Amino acid sequence: MLGETWKGTRTMYYGHELEFGTFITPTNDPPQAPVRLAELSEEAGYDLVTFQDHPYQPRFHDTQTLLTWVAARTERIRLAANVANVPLRPPAVLARSAASIDLLSEGRFELALGAGGFWDAIEAMGGRRLTPGQAVDALSEAIDVIRGVWDQGERARFELGGDYYRIDGAKRGPAPAHNIPIWIGALKPRMLRLIGRKGDGWLPSLAYLQPGDLARGNTTIDDAATAAGRDPREIRRMLNIGGRFSAGGRGGMLDGPAEQWVEQLLPYVVDEGIGTFILASDDPGTIRHFADEVAPGLREAVARELGASGTGASDASAPGSHDGVAAAAPAAPSRSTAVRAKRRDGIDYDALPASLAARAIEPGDAGYARVKSTYLRGGAPGLVLQPATSAEVADAVRFAAAHPDVPFGVRSGGHGISGRSTNDGGIVVDLSKLHGMTVLDEASRLVRIEAGARWKDVAAFLAPRGWALSSGDYGGVGVGGLATAGGIGYLAREHGLTIDHLRAVELVLADGRVVRADATEHPELFWAVRGAGANFGIATAFEFEVDEVGVVGFAQLAFDASDRAGFLEAWGRWVVESPRDVTSFLIMGGARPGQPPVATVMTMVDSDDPDTVLARLQPLAEAAPLIGQDVRLSTYDAVMANAGEESHGAEGEPTSRSGLIGPITPEFARDAARYLDEGSSYFFQLRAVGGAVHDVPADATAFAHRASEFSVVAFGTAALRTSERWDELIAPHTDGAYLSFETTQGDATVAAAFPPATLARLRALKAEVDPGNLFRDNANIAPSAAPVVE
């Protein structure tokens, strides 16, 4: 029930996992002293290290700077100020600083705030002192500013017309790496009520508490939280403590042996709901002693007191060991009310398997803006899952299968031109955590590549051995999508499609089974994956036999294409007549007022001889006036290193159409020129797919259009009538489609991609391995009534 805490024979318990931290003085003399204590805290197993924030003290480091340095010197421990002095830390600046540290530390920064005593230093407040009530209001507005800056997923203009802070259209972001909690250090009732309304944690110090303060404070916070529609268990109760270890005696509160500390701290957990103790000490011996004896002893005592099952707590040797923490009370919610309020209908978030929960991203989470969209298409999924193993992918598939009415997308690298790897309100399985690469057999050049790797990283992995695998033209594309659709790359005419090098695939089927398919084991599935894989499961890893490829020639040539049709014919003729070591791509754009059309040609020549490279290119140089050129000897991995590391954040609904054609005829060239002159496409590309692609029999893979010479793709928008004019001008010349570049859906699209015999075979296999059509959010192959038996 909302607002209900667990109450047993004791007062209350909020279901928080017990954690421990240190509270270190940020002294700058010697400069490295607090850093060494932070490193010790991590080594000893603490969960958290904190530093007081008093920037006016001449012998103290600036705390934000110190936190950044400590983040770089540690790997696991979380970090926070204790507490940040808000009057001296403008909240918009503090928000960006916090998000930056959190991103750099991979989600290890927490934000603790205090009202401080320097509001009169802020010019925006007129240099006046604030009453306690005004300080609460000012801190409340500061929290709104901080959360507003972090909310990068909110598209509305950021405005705040407060009495103390005013925002008029500030830019949002960056979003932090995780949902940074905001803890507040306070004792007065007004501030406690603010914690209940907006805070994620209460952080008082034991030294300033009077008997009954914690109970009264908890009640005040709980009542305010309930009134605000929040669950009080969202708010972690924390306590700064200090003391000394002395032998034999009972000198008072936290003044005695470790056993006495455990005995005296236990009631604060089970009676007062404290979930985090932060030890204030700069003494290395005290820090170690507490970690070695008090923390595990207190965990065991809490588990015993609250009747927890299991005995892991008795084996804990450091604060970071959480086994056996009491489970008698309901667990605290993993997300705040504000985050849960953005959940989408139709998804049972509470049923998410534990294996996926830590890497599940919801619409209200920090970082959602970095995973909701693809390279060209905006999305708003209700849940993005990021499994890290094939077993976790299987869990994700089973979870999706339990939601048959919810859209279900699968993403490898996030490129997703077809748009099917994101959705609105559905589930997306993001494979980006599956990015491992291994050489299985050096002699046969057999490698294993996981589906979430990107092709630029694959090229870099293979390059030291003088190997390469033809794989599209952009290094930011994920392996999984391309390697199940075809793979038309810069080496296609010499080495074939990417799928032609596939020797085995690891696949998670619709029922959650993980299978390995190759030429002898599940051969029908192996056949289907090579060209129609998105319909049959989630490919998690591939085994490829790669090629020996050394130094290559790579040319980027720009031509005056005033005679569009003539240039298209000349380029197409040159490609078909060239030796197989030449693979070329052509890009044209729409009309440019007052400027001639430009054709950009990207060509790879698999030769390290400059004379050979130039000889291959020379016939094309005579096709039209050359207005720009870059011809160089390079390597395949250098060519593929053409993508950054940034996440995709597209918006809108672009249109992309695709087709496969034979040689470029005068009729095709004429209609393509008209299509471009009308402005129907802003990006029109042809890729060579002849040569070695022809060598593979049409029925050897689900990619059956082996006689094609070129793949054609057009990008545009509904306003440009890209799709309508494609159907009228370009489609009549095509025989087949390449689904990775096709945004239209429906039976006609599927029929264009697969000849009748191929489609019938695919439908029969679909009925066998995915009869419920779980993998449907793609160019969907509906299951037939007659499954194939292997």
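Let's start at one pair: Ser-656 stands opposite Phe-715 in strand S31. This is a predicted model, where local features need pLDDT of at least 70, side-chain atom pairs count only at pLDDT 80 or more, and totals for chains, interfaces and linings use all residues. Residues are numbered from 1 along each chain as its sequence is written, and side-chain values use heavy atoms, with hydrogens and water left out.

Some terms. Helices (H or I, at least four residues) and strands (E, at least two) are DSSP runs, numbered from the N terminus. Two strands pair if DSSP finds at least two bridges between them. Buried means under 20% relative accessible area, exposed over 50%, partly exposed in between, with a 1.4 Å probe and protein chains only.

Back to S31, residues 710–716. On one side it has S29 (residues 655–661), antiparallel over 7 bridges. S30 (residues 683–688) also pairs with S31 in the antiparallel sense, over 6 bridges. There, Arg-687 has Ser-711 of S31 as its bridge partner.

How many residues of S31 are buried? The count is 7 of its 7. Phe-710, Val-712, Ala-714 and Gly-716 point one way, while Ser-711, Val-713 and Phe-715 point the other.

Strand S2 covers residues 48–51. Leu-48 and Thr-50 point one way from S2, Val-49 and Phe-51 the other way, and all are buried. S2 pairs in the parallel sense with S1 (residues 19–24), over 4 bridges. Opposite Thr-50 stands Phe-23. Between S1 and S2 the chain passes through helix H1 (residues 33–44), and this β-α-β crossover is right-handed. Right-handed here means that, with the strands pointing away from the viewer, the path from the first strand over the helix to the second runs clockwise.

S2 also pairs with S3 (residues 78–81), parallel, over 4 bridges. Thr-50 has Ala-80 as its bridge partner in S3. The chain goes from S2 through H2 (residues 63–73) to S3, again in a right-handed β-α-β crossover.

Next, helix H3, residues 91–104. It has 14 residues and reaches 20 Å from first C-alpha to last, close to the 20 Å expected at 1.5 Å a residue. That expected span is 1.5 Å times one less than the number of residues.

Which residues of H3 are buried? They are Pro-91, Leu-94, Ala-95, Ala-98, Ala-99, Ile-101 and Asp-102. They lie on the same side of H3, because they cover an arc of only 165 degrees around the axis. The arc is taken over the directions from the helix axis to the C-beta atoms. Val-93 and Leu-104, on the other side, are exposed.

What covers that buried side? The cover includes H2, S4 (84–85), S5 (111–114) and H4 (132–150). Just after H3, Glu-106 takes a positive phi of about 60 degrees.

One more residue: Thr-540, in strand S23 (residues 538–545). Thr-540 is buried, at 1% relative accessible area. Contact means heavy atoms within 4.5 Å. Beyond neighbours within four places in sequence, the contacts of Thr-540 include Ser-390, Leu-434, Glu-450 and Val-508.

Last, confidence. pLDDT is the predictor's confidence in each residue, from 0 to 100. The protein averages 91, and 93% of the residues score at least 70. Over residues 308–328 the pLDDT is below 50, and this stretch has 51 contacts in the model beyond near neighbours in sequence. Over residues 786–790 pLDDT stays under 50 as well, with 14 contacts beyond four places in sequence.
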